[in-house]
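Let's walk through this structure together, starting with one contact and then stepping back to the overall form. Please keep the view open as you read.

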Amino acid sequence: VEQHLQENREQMESVVSAMNCLEMLVQELKQKSEVAAAVDDELVERRQQAEVSIENQARESLQMIQDQHRKSMEQLELRYQVIDEQMKQSQEERWQQLNKRQQAFEHRVEQHLQENREQMESVVS
């Protein structure tokens, strides 16, 4: 009986020791699981921050492109206005030159007519 009690005690001590080892393993697994969950949460947060950052950069880039496009269009419009004004000026100058030539031509015709009248009057008298 004493021998069985001793064997039972040893078995119990072995079981208790195994249970203590299992308890330590369970605690270690819990800690590692908590660490993994914390790391996972941090990764999710970093991912969300990265997505927000990328969206903000994309918005800023789009705004810059739109601003540059607007400025280019404004400059283009100004160039077209300058060209249009130059063309109008050039057209006006051509009309003035044509008017001067026409007036000079009409004046010469009038002079010739006057000279012809005077010659005719001279011939008639």
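K32 and E28 join their side chains in a salt bridge, at 3.3 Å from N to O; the term stands for a side-chain nitrogen of Lys or Arg within 4 Å of a carboxyl oxygen of Asp or Glu. Before going on, note that this is a predicted model, in which local features need pLDDT of at least 70 and side-chain atom pairs count only at pLDDT 80 or more, while totals for chains, interfaces and linings use all residues. Residues are numbered from 1 along each chain as its sequence is written, and side-chain values use heavy atoms, with hydrogens and water left out.

Both K32 and E28 belong to helix α1, where 4 residues, about one turn of the helix, lie between their positions. K32 counts as exposed at 52% relative accessibility, whereas E28 is partly exposed at 38%. Here buried means under 20% relative accessible area, exposed over 50%, and partly exposed in between, with a 1.4 Å probe and protein chains only.

The whole structure holds 5 salt bridges. Among them is the pair E42 and R46, whose closest N and O atoms are 2.5 Å apart; these two residues are also 4 apart in helix α1, so about one helical turn separates them. Another is R47 with E51, at 3.3 Å between the closest N and O atoms. In that pair R47 is exposed, at 58% relative accessible area, and E51 is partly exposed, at 36%.

Now step back to the chain. What are the counts of helices and strands in the protein chain? There are 1 helix and 0 strands, taken as DSSP runs (H or I, at least four residues, for helices; E, at least two, for strands) numbered from the N terminus. Helix α1 covers residues 2–124. The C-alpha trace spans about 180 × 10 × 5 Å along its principal axes. N116 and E13, 103 residues apart in sequence, are 151 Å apart in space, C-alpha to C-alpha.

The radius of gyration, taken over C-alpha atoms, is 53 Å, while a compact globule of 125 residues would be near 14 Å; the globule rule is 2.2 Å times the number of residues to the power 0.38. Of the 125 residues, 0% count as buried.
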